[in-house]
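Please read the report below with the sequence and the model side by side. Each section takes up one part of the chain.

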Amino acid sequence: MPVIALLAAVVVVTVEQLVQWKYGTMGIAGLLLLTVGVKAKNATCSSIGAVVLALMVTGPAS
């Protein structure tokens with residue numbers, strides 16, 4: 001059981017670092033909103049986080 005928790009923590013930290021490196025502060029904010037919204041079962045918060053991440057991934061509208 002502790003091994004699974006350790007692996008999960010490593011995966012979460014790795015994903016957060018990749019998002020921070022590729023998408024900057026707004027990417028981390030979107031990921032944080034999405035995570036908090038899902039854990040709190042708050043559809044508004046998770047939707048805002050998902051939209052922020054989607055906008056970061058798709059890039060500027062040109």
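## L31 and its contacts

Leaving out residues up to four places away in sequence, L31 touches V15, E16, V19 and L53; contact here means heavy atoms within 4.5 Å. L31 is found in helix α1. Helices (H or I, at least four residues) and strands (E, at least two) are DSSP runs, numbered from the N terminus.

L31 counts as buried, at 17% relative accessibility. Buried means under 20% relative accessible area, exposed over 50%, and partly exposed in between, with a 1.4 Å probe and protein chains only.

## Basis of the model

This is a predicted model, in which local features need pLDDT of at least 70 and side-chain atom pairs count only at pLDDT 80 or more, while totals for chains, interfaces and linings use all residues. Residues are numbered from 1 along each chain as its sequence is written, and side-chain values use heavy atoms, with hydrogens and water left out.

## The chain as a whole

The chain has two helices and zero strands. Its C-alpha trace spans about 50 × 25 × 15 Å along the principal axes. Of the 62 residues, 16% count as buried. Among contacts between residues at least 6 apart in sequence, 20% join residues at least 24 apart.

The accessible surface of the chain comes to about 4800 Å², and 76% of this belongs to carbon and sulfur atoms. Such areas come from the Shrake-Rupley method with a 1.4 Å probe; for residues, only the protein chains shown count as cover.

## The loop between the helices

K41 is in the loop between α1 (2-40) and α2 (43-58). The phi angle of K41 is near 55°, a positive value in a residue other than glycine. K41 is exposed, with a relative accessible area of 78%.

N42 is also placed in the loop between α1 and α2. At 35% relative accessibility, N42 counts as partly exposed. N42 and T14 are 28 residues apart in sequence, and their C-alpha atoms are 25 Å apart in space.

## Two residues of helix α2

S46 lies in helix α2. Is S46 buried or exposed? With 15% relative accessibility, S46 counts as buried. Apart from its neighbours within four places in sequence, S46 is in contact with L33, L34, G37 and V38.

I48 lies in helix α2 too. I48 is partly exposed, with a relative accessible area of 44%. The C-alpha atoms of I48 and L18 are separated by 20 Å, and these residues are 30 apart along the chain.

## The largest pocket

Which residues line the largest pocket? The lining consists of V11, V12, V15, E16, I28, L31, L32, T35 and K39. By class, it has six nonpolar, one polar and two charged residues. Ala, Val, Leu, Ile, Met, Phe, Trp, Tyr, Cys and Pro count as nonpolar, Asp, Glu, Lys and Arg as charged, and the others, Gly among them, as polar.

About 170 Å³ of space lies in this pocket. On a 1 Å grid over the protein atoms alone, a pocket is an open set of points where a 1.4 Å probe fits, with protein on both sides within 12 Å along at least five of seven lines; lining residues have an atom within 4 Å of a point. Grid points are joined across faces, edges and corners, and a volume is the space filled by probe spheres set on the points.
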